[in-house]
Structures are given as structure tokens and as C-alpha cells.
Amino acid sequence: MSNLTHLTNAGVSVVIATSSGTPSILHWGRAISPGFDASALVQTQLEPTPHCDFDEPQTIGIWRENSRGFIGEPTIKGSRPGRDWSHHFTVRSTQLDGNTVTYVSIDAEAELEIEARFELTEQGVLKLSQRVTNLGLSEFTVEALTSYLPVPDYTKDVLDFHGRWMRERQPQRQAIRVGNWVREGREGRTGHDYTLIQFALAEGTTFEHGEAWGLSLAWSGNNRHVVERTAIGRTSMGAGELLLPDEMVLASNESYQAPTVVAVYANDGIDGASHRLHSMLRARPNHPTNIRPRPVTLNVWEAVYFDHDFDKLAALADAAAAIGVERFVLDDGWFGARRHDRAGLGDWVVSKDVWPEGLGKLVDKVKSVGLEFGLWFEGEMVNQDSDLYREHPEWILQAGGRIPPEFRTQQVLDLAHDGAYKHVFDQTHAILSEYDIAYIKWDHNRVLTEASHYGKAAVRKQVEAIYRMFDELKAAHPGLEIESCSSGGGRIDLGMIDHADRFWTSDNNDALERQSINRYTSIAIPPELLGTHIGPTKAHSSGRTHSHTFRAITALWGHAGLEWDLTEASVEDMELLKGWTSYYKAKRGLLHSGRTVRVDGSETSNQIHGVVAQDKSEALYMYAQLTTSEYSRPANIRLTGLDSEATYLVKVVEPAGAAVGMQLLPPKWYAGVRVPGAFLASSGLRAPVLRPEQAMLIEATRV
Ligand code: GLA
């Protein structure tokens, strides 16, 4: 085996050398033609010897040990009481299997083994998984295992995403400076503030152009992402699980398998990175659209809240069926003493008060009008006012005998406790066995505080338990789909993606707010996994009133649905909704398989978002006017991602009504023009002058 490994796929190369005794990444980025001189490449990366530095050039390697001269955070932090806190790993084996290379290294003194597995997928996405094993007889405590990858010195900016309930994944971009820029999540769940992906960008990288390196931790618990530029001048990105004190103590021969870090490089902009991630996820055999198209969904939460009444819900099912909805979801309020949000969580039995004959009548009604039935759960949570809590107060997550402060009047169950796990599984399983339920929405509305299992920090155990719960429920109920919700978008990550089928993107159904939430969440997550619903005319989240058209067009760019009291919709609204659902059904094949494009522009008052078929034969774009335009004549609408050699028929379509303008006459191309793809991508089309909070759809079809 040569001491240099070159993984290459889909325009990306990773070159790793072990000539110094430790794997060292020489390159992660654009593809390099094979057949290069390996030792020459190694030589190019040997450091100089400045004054006042180590006397010989040091090669640091992926484990960043202090013993190799690295002055910074090592990959593994951990120790045995009083010793083995500093490590020196030497490669024992390198195993290459296709585009996967695995390095196993040993530190004989510290009695540790570490394994790093690099897989470069067909789509050019690098998956890095690391595992540390305690070879000694005494316990070894792992404080952190953070996977780092080098990025070029010329990266200029860091882009990541922050948020809160109702306002998830807002971009923040700033210059990379010397020091560490760290994003941490300590909520015990992924969190609304989880960056989802963190990028290092070359100068001027935009959606459309330039080089981007991104890391995303595939994990639904505490997390950490970091961009590090050291004073000696090297830049790296890292990601890892954020372990609590003594959360990971390894007995003899035990291992800690760190969550996989998903790393993506693109030289065709942030959208290029997004495209690679979407393609990788869509290649999974169990990716939901590989099983069936995504059904139009009606969730009744904002229509009825806790006010469950058969006649009202039956009327909603009729209205939904009339406009072409395919799935009906009964949200919170059907179980235990759950007449409000202060009681009942933990008792997953149908409430006798509101459903004296069980849910059967409603399920039958929903099915009789041709819809599937879905149901809400929040299995990890318990209200103190519940039978479960009265019987097992000891099952909540707490430390030191302190009852944690209430949050939405609820506490978190310790799912690592066999009794608690079994209770939640059995009750959920019983409901799923009794009724024909195609889908469950699984919520998680409280952050974890003092999460411990018999006194020991236990966020990780909680995450493992929920992954197991979802997998076991699915195994017991083949075909069951699970939506991961956490007060909206608080549990969206590339770990949960392998256990759930849909994410609730945000509790904010205000279409204006959703324009950015949807746009940025879909960088890492394909739109077909993101719930996007038409909310009420006056948004419950913000009090803003939006036109039907703006709400409907905004909700098209995901797994579409409605969350609105349809019994209040006007006849005209119902007609529009019928048109909208049938348009979504006709276009979902394209929307859920095509390449997402976010068009660069100089204005912040509007945004253009589209999906282009992989063969570029057709595309659909949204032109959204967010605020009043900066200019009396806004910038041209460019349509990107098309075949620049082909000609397209371009026209405005209005399956959900027309955008309202502030103009005497609209541009002249609306009814259809034939334009070369290259022209559309550069010169574009004259834009209309729209009122704020308006949107329109543009179709492009190759002629
Ligand atoms: C959370 C979810 C909502 C809804 C409510 C029910 O806030 O995000 O969609 O299910 O809980 O209590």
C-alpha cells in the first residue's frame, strides 16, 4: 500500500498522505488528475522553518496531537485520571476499498486506538467517521472528538445559520479572522439555532459562483461547528458532538463512535454544494420520493388547536378532499387530559372526553373521502399533570434531585430508562396498531436541561433512544412515515434524516418569513423533505395578512400542504386551492427531483428561486417581491441553471392567482417567449413592478 491515498469522484478529490506516520490531508477540493508524483505532492506541503519555531518542519496530521507540535485543539480530548491526556497516534493500517479509506492508528503509551474512515460518495460528498477505542484496563474519558478538515488559506468568509423558534436558519456571513469561530448547540436536541451546515467560502463565493467548503454534523443532540484560523496561518473546519462532562467514559475495550461529519466541496457556488448534498440524499433507496410522491397534506393545528370536535374535523376533511388534499393530520389534543398545553403529555391513550368512541369514527371519515390519516405525538415529553408523571416522577431527566424548570409546562422523559422507553413505544405502537395511520408527526417542544441518566450526563443516550424508537416503530409498521418536528424546525439535521421522512421546517407559516426559512434550510435538505404549508390569510405567527397567491406560491417549494381552517375559505379561495393542489401534483416530480437554484442578485427586496430538471428540459421559478423594490424598475429576472445551448419557452403561470402589481403595464413576455438559455441566465427578463409580499411563477420549457 502506497503511503498516499487519492479519493476522487464527481469533480472532487481528497488526497491523504501517511508518510509522516499519521494521516495528513494534503488536499480537499477540486479534482486532481490521477497519475501525479505522490512524493512530489507531499514535498509541496512540507512547512518552512520560521525563526522561533520547531527546528524541523512538523507534519501535524488529522489528529492534531500536541506531541506532533500542534498548538491548538486536538481532535481527541480526553484522559484517564491524571494521565494519558496527551496522545501520539501512529498509523498501523490503511485500508482502501473503492472510494473509502480507513486508517487505524494506535497510541501504545496511552493505550488508545483511533479509526478514521473517509468515504467520498458518488456525488463527491466526503463522509468522515471516527472512532476511538480504549485498549487499556482503566477507564478513559472522552471529552471531545472533533473531526477537522483543512481548507485553503485563501478562504475569506464563514457562512453559517442561526435562529430561534419561528425564525430558523437565518444566514450570517463574516470574514474569517485569526481565532476560532465556534457555533455550539447545547439544547440536548438539534436546536433552532443549529447551523445545519457551516461554510468556508473563497472570496466572492455566491449561490451561483465560486468555491465553497461546508461541514454538517449528522447528529440530533449537542453539537459544535468551528472555523479555525491559527496564528501560524492555517485554516480548518471542524465539527463534532458536544459531550457533557463524563458523558463518554470508556471502560476497557469500549469505543466511542463519533457522529459522522458530512463535508461538501463545490466550485460552482453554494448551490453547487447544495446540489451535491441533495443528490447524495436522493440516492438513498429509502429516500421518501424513491418510495412514492409526497402527498398534499392538511394539518389541522392552526384550524382547531385543542378544540377537537368531530363535526368540525369532518367538515375539514370534506373541504380538504374537495380541493385535492391527500393526507389529513390530527395534531395535538387527542390524548389523555390534553385539553390545553398544560396536561396530558405522556398519556398516549385516546381521550375519552373528546373521543368517547375512540378515533375510529374520524379515521373512517377521513379515509372515506380518500385521504390518509396522520397523528401527532410528542413521546419524549411529559406534563407533570399526567397519569404517567404521577406514577413515575422518577422517569424525567433531572440531576441532583432538582426538578428542572418547566418549559411549555413540560418535562423530558429519560428514554434511556427501559421503563420509560417501553411505555412510550407500547402506547404509540398500540395506537398505530388500532388505527390505520400512515404518518405520525413527532414533536419535541422542550429543550433538555440537566439531562442525566442515574446521575450521569445523558444527552447522547436520549438521541440514541429516539433514533431507535423511530426505527422500531417503522419496523413494526411498514410504510409508516415520521415527521421530525421540534417546535417547528428545532430538529432538522443530517442524522435525523436517516430516521425520519419529513421535517417540519418552522412553526412560522407567515409566507414572508418562510421565504428565507425555506430558502436556507433547503441548502442542506432537499425540498421534498421540508414541510411547507399554506397558512391562514392572517398569519397566526405574525399577524401579517398575505394574499392567497403569495402564500400558495411560497408553499409550493417543499413537501406542500395546508394549515388553515378551510371551512372559512371563500368559494373563490377553494377554487384557487383546487388549482394549486393539482398544479403541485403535476409539478412535484420536477420540484422533488430537480436541481435547486437560488439566483444571485444585487437587490434584497426580491428573490428568485427555482428548480431545474436534471436533464434541463424544464424548470420552474418563483419571483418573490419581499419588500418594495429598491428601484422604480427592478433588476431583470435571470433564470439560471438551464442549458445555455438550448432555447426555452418562458411564460408566467398562475395556478394560484396573479401577483398584484404597482404598474400601468406589465412586461411584454408574460404570455410566452422563446429565449436562449444563455440569454436567460445573463440578460434575463424585464421584471414587473410588484407590490411587496407578492410572488409569481415562471415556467421554462425547452423547445
Ligand atoms: C409544536 C409544533 C406545532 C404543533 C404544536 C402542538 O409547536 O411545532 O406544529 O404541533 O406543537 O402543540
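**Notebook: cavities, pockets and packing**

The domain bounds come from an automatic or database domain assignment. I note that this is a predicted model, where local features need pLDDT of at least 70, side-chain atom pairs count only at pLDDT 80 or more, and totals for chains, interfaces and linings use all residues. Residues are numbered from 1 along each chain as its sequence is written, and side-chain values use heavy atoms, with hydrogens and water left out.

**Entry 1: cavities**

I searched the whole structure and got 3 cavities of 30 Å³ or more. A cavity is a set of points on a 1 Å grid over the protein atoms alone where a 1.4 Å probe fits but cannot get out; a pocket is an open set with protein on both sides within 12 Å along at least five of seven lines; lining residues have an atom within 4 Å of a point. Grid points are joined across faces, edges and corners, and a volume is the space filled by probe spheres set on the points.

The largest cavity has a volume of about 130 Å³. I found 17 residues in its lining, and Asn-518, Arg-519, Trp-557, His-609 and Met-622 are the closest to its centre. Two elements give two or more residues each to this lining: helix H10 (511-521) and strand S34 (606-612). Helices (H or I, at least four residues) and strands (E, at least two) are DSSP runs, numbered from the N terminus. H10 gives the most, with 4 residues.

I sorted the lining of the largest cavity by class and got 6 nonpolar, 9 polar and 2 charged residues. Here Ala, Val, Leu, Ile, Met, Phe, Trp, Tyr, Cys and Pro count as nonpolar, Asp, Glu, Lys and Arg as charged, and the others, Gly among them, as polar.

Next came the second largest cavity, with about 50 Å³ of space. Its lining includes Asn-509, Arg-514, Asn-518, His-533 and Arg-551. H10, strand S31 (530-534) and helix H11 (548-554) each supply at least two residues of that lining. Its classes are 3 nonpolar, 6 polar and 2 charged.

**Entry 2: pockets**

How much space lies in the largest pocket? I read about 1,300 Å³. This pocket is lined by 49 residues, and Gln-45, Glu-47, Ile-60, Pro-150 and Arg-234 lie nearest its centre. Strand S3 (24-30), helix H1 (38-44), strand S10 (147-151) and strand S17 (235-241) each supply at least two lining residues. S3 gives the most, with 7 residues. The lining divides into 23 nonpolar, 16 polar and 10 charged residues.

The second largest pocket holds about 710 Å³ of space. Of its 29 lining residues, Arg-519, Tyr-520, Glu-603, Asn-606 and Gln-607 are the closest to its centre. I checked the elements again: strand S12 (167-175), H10 and S34 each supply at least two residues. The largest share, 6 residues, comes from H10. By class, I noted 10 nonpolar, 11 polar and 8 charged residues.

**Entry 3: a helix pair**

Helix H5 (residues 310-323) and helix H12 (residues 571-591) pack at an angle of about 55°, and their axes are 8 Å apart. Axes are lines fitted to C-alpha atoms, for helices over the stretch in contact, and angles run from 0 to 180 degrees between N-to-C directions. H5 and H12 are therefore oblique to each other. Angles under 35 degrees count as roughly parallel, over 145 as roughly antiparallel, 65 to 115 as roughly perpendicular and the rest as oblique.

Which residues make the contact? On H5 they are Ala-319, Ala-322 and Ile-323, and on H12 they are Met-574, Leu-577, Lys-578 and Thr-581. Contact means heavy atoms within 4.5 Å. This contact has 5 nonpolar, 1 polar and 1 charged residues.

**Entry 4: domains**

The domain assignment gives domain 1 (64-282), domain 2 (290-592) and domain 3 (596-702). The C-alpha centres of domain 1 and domain 2 lie 31 Å apart. Their contact takes 44 residues from domain 1 and 46 residues from domain 2.
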